[in-house]
Amino acid sequence: MTDEVRYDTAAEAEVIQGADTAPAEPSGAGAGCHAPAGEMEAAARMAGQSELLDRYAADYPQGPHDKPQSMCPAFGSLRVGLRMRRVGTVLSGSACCVYGLTFVSHFYGARRSVGYVPFNSETLVTGKLFEDIRDAVHKMADPARYDAIVVTNLCVPTASGVPLRLLPKTINGVRIIGIDVPGFGVPTHAEAKDILAGAMLSHARAEAEAGPVQAPTAGISDRPTLTLLGEMFPADPIGIGGMLAPLGLAAGPVVPCREWRELYSALDCGAVAAIHPFYTSAIREFEAAGRTILGSAPVGHDGTADWLARVGDAFGVAASAVAEAQNAVLPAIRSALAAAPIDGTVTVSGYEGSELLVARLLIESGANVPYVGTACPKTRWSAEDLDWLESKGTKVKFRASLEDDCAAMEAIRPDLSIGTTPVVQKAKELGIPALYFTNLISARPLMGPAGAGSLAQVVNAAISNKERMEGMRAFFEGVGADDTAGIWEGEPNLRPDFRAQHQKKLDKQARASKAAEMI
């Protein structure tokens, strides 16, 4: 799709009707919910899922662990679907997993129901589960309520080969999007967002190629647009739009989108800014549509100057206009950075995908950032940020494990550790001030002048708590740790014999699992 998207402003979008194909029986339903990742993957391949797993292995290369160390990856795609208007959600997986996912989703503000298709061993093995899923989406497919319904296979249905690809593409004009998000094939919840975004873009691209589609609710831009790829603070797209205006450009939709027709606008762009560079599936769809992909983001002085120049090149904007756009924002960014300096050593780690951008902003604010760890993979669209950070002496670790992040924090003993919950917990145990990346860092603007001074207040306040943290650590000194924490009248009853006996059981299970793999 190298031509422009054609919009039908007078009628509903044309849709592609899919055939209602009979389901195939799953052949690898022996893996249990808590089986080792290798066993689950082997079962999935036996059930005909090799193509899916091979694609995931290429798109989302595994790190040092066979299972995610953050939350269940399906939370990412679930949250994307729940944020979209007129989109229904159905989960297929073990009841405990569905309970946990829906609980966390509502904890984070979801205000709609999540569909669930239960199963047992019989319905899983005989293929009845697929028929139940198909019946459920037929009952839900009300065009007055939904533009699309997302059906997600979790670990067990994926391992058992439940073929969501055989669901109808549309029912009564409602699009049916089936995706597999197994914990043994998708390393992080951030990448699960890409799986759903890519699946939706693929469907929308096919519709746009077939004929006129719905115009966006906000109207069609009279200027060439730059689609923004990756979730970001709500003020950032507005700020980016302001920086693009002197170039004669406009900010397009943010992918993942908030409603279906935004997908057409996202595809109907001049280029795509991969603010989060790990959206491999979505980028594949944009490249298939003939769109140019740009890495990095307008973060800090250097990042903004370089990013605007590359945007100008992508759209063929005159050098004088690019210089005008740079001169309009760079002095303000420089002033904001100078007005809110950060003096201290900071380590950064997380699983959101914006860790490198945050590190750049911290360094330009004056901080020393010796280590950045991200659970997301290295891609060719992260090259600009990686090169810049390494030129400043920063060690960047892609697919960083919890152990990597903790080891770096313990070795460096920074003035502040920014990281995930367990990293923050470990830092505070050591008396090191720490901030949770997702809630306290991601929830702030990062781009342009608005982002330039946004981190200083919270970072400096945390660094100033060093003495307070040491006082708290001294106060609780001697109360024990882990299973001996607390005030004991006598010595804690450690029972090393119980520990040794349990360890023998674990070693025996590991040997049996290894032997099974060799058979």
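**Figure legends for a predicted model**

**Figure 1. Overview of the protein.** The protein has 22 helices and 16 strands. Its radius of gyration is 25 Å, close to the 24 Å that the globule rule gives for 519 residues, so the protein is as compact as a globular protein of that length. The model shown here and in the views that follow is predicted. Taken along the principal axes, the box filled by the C-alpha atoms is roughly 80 × 65 × 40 Å. Of the 519 residues, 53% count as buried. Among contacts between residues at least 6 apart in sequence, 75% join residues at least 24 apart.

**Figure 2. Surface and charge of the protein.** The side chains include 47 positive and 60 negative ones. The centres of these two sets of charges lie 3 Å apart.

Figure 3. Helix 14 covers residues 355–364, and because ten of its ten residues are buried, it is largely enclosed by the rest of the structure. Among the buried residues of this helix are the charged residues Glu355, Arg360 and Glu364. Leu356, Leu357, Val358, Ala359, Leu361, Leu362 and Ile363 are buried in helix 14 as well. Just after the helix, Gly366 takes a positive phi of about 110 degrees.

**Figure 4. The cis peptide bond at Pro256.** The bond that leads from Val255 to Pro256 is cis, and its omega is near 10 degrees. Pro256 is placed in the loop between strand 9 (250–255) and helix 10 (262–267).

**Figure 5. Arg86, a residue with positive phi.** Arg86 is found in the loop that runs between helix 3 (74–83) and strand 2 (87–92). Its phi is near 60 degrees, which is a positive value in a residue other than glycine. The relative accessibility of Arg86 is 33%, so this residue counts as partly exposed.

**Figure 6. Arg413, another arginine in a loop.** The loop that holds Arg413 lies between helix 16 (402–412) and strand 15 (416–419). Phi of Arg413 is near 50 degrees, a positive value in a residue that is not glycine. With a relative accessibility of 47%, Arg413 counts as partly exposed.

**Figure 7. Ser70 and the residues in contact with it.** Ser70 lies in the loop between helix 2 (50–59) and helix 3. It is partly exposed, and its relative accessible area is 22%. When residues up to four places away in sequence are not counted, Ser70 touches His189 and Tyr351. Val162 is 92 residues from Ser70 along the chain, and the C-alpha atoms of the two are separated by 26 Å.

**Figure 8. Thr438 in helix 18.** Thr438 is found in helix 18, which spans residues 437–441. With a relative accessible area of 17%, Thr438 is buried. Leaving aside neighbours within four places in sequence, Thr438 is in contact with Tyr351, Glu352 and Ala443. Thr438 and Val80 are 358 residues apart in sequence, and C-alpha to C-alpha they are 16 Å apart in space.

Figure 9. A disulfide is a covalent bond between the sulfur atoms of two cysteines. With a cut-off of 2.5 Å between cysteine sulfur atoms, the count of disulfides comes to zero. Cys72 is in no disulfide, and the cysteine sulfur nearest to its own, that of Cys97, is 6.4 Å away. Cys72 counts as partly exposed, at 37% relative accessibility. Cys97 likewise counts as partly exposed, with a relative accessibility of 26%.

Figure 10. Glu477 lies in the loop between helix 21 (466–475) and helix 22 (496–518). This residue counts as exposed, at 57% relative accessibility. Ala43 is 434 residues from Glu477 along the chain, and their C-alpha atoms are separated by 49 Å.

Methods
Residues are numbered from 1 along each chain as its sequence is written. This is a predicted model: local features need pLDDT of at least 70, side-chain atom pairs count only at pLDDT 80 or more; totals for chains, interfaces and linings use all residues. Side-chain values use heavy atoms; hydrogens and water are left out. Helices (H or I, at least four residues) and strands (E, at least two) are DSSP runs, numbered from the N terminus. Buried means under 20% relative accessible area, exposed over 50%, partly exposed in between (1.4 Å probe, protein chains only). The radius of gyration is taken over C-alpha atoms; the globule rule is 2.2 Å times the number of residues to the power 0.38. Contact means heavy atoms within 4.5 Å. The place of a charge is taken as NZ of Lys, CZ of Arg, CG of Asp or CD of Glu.
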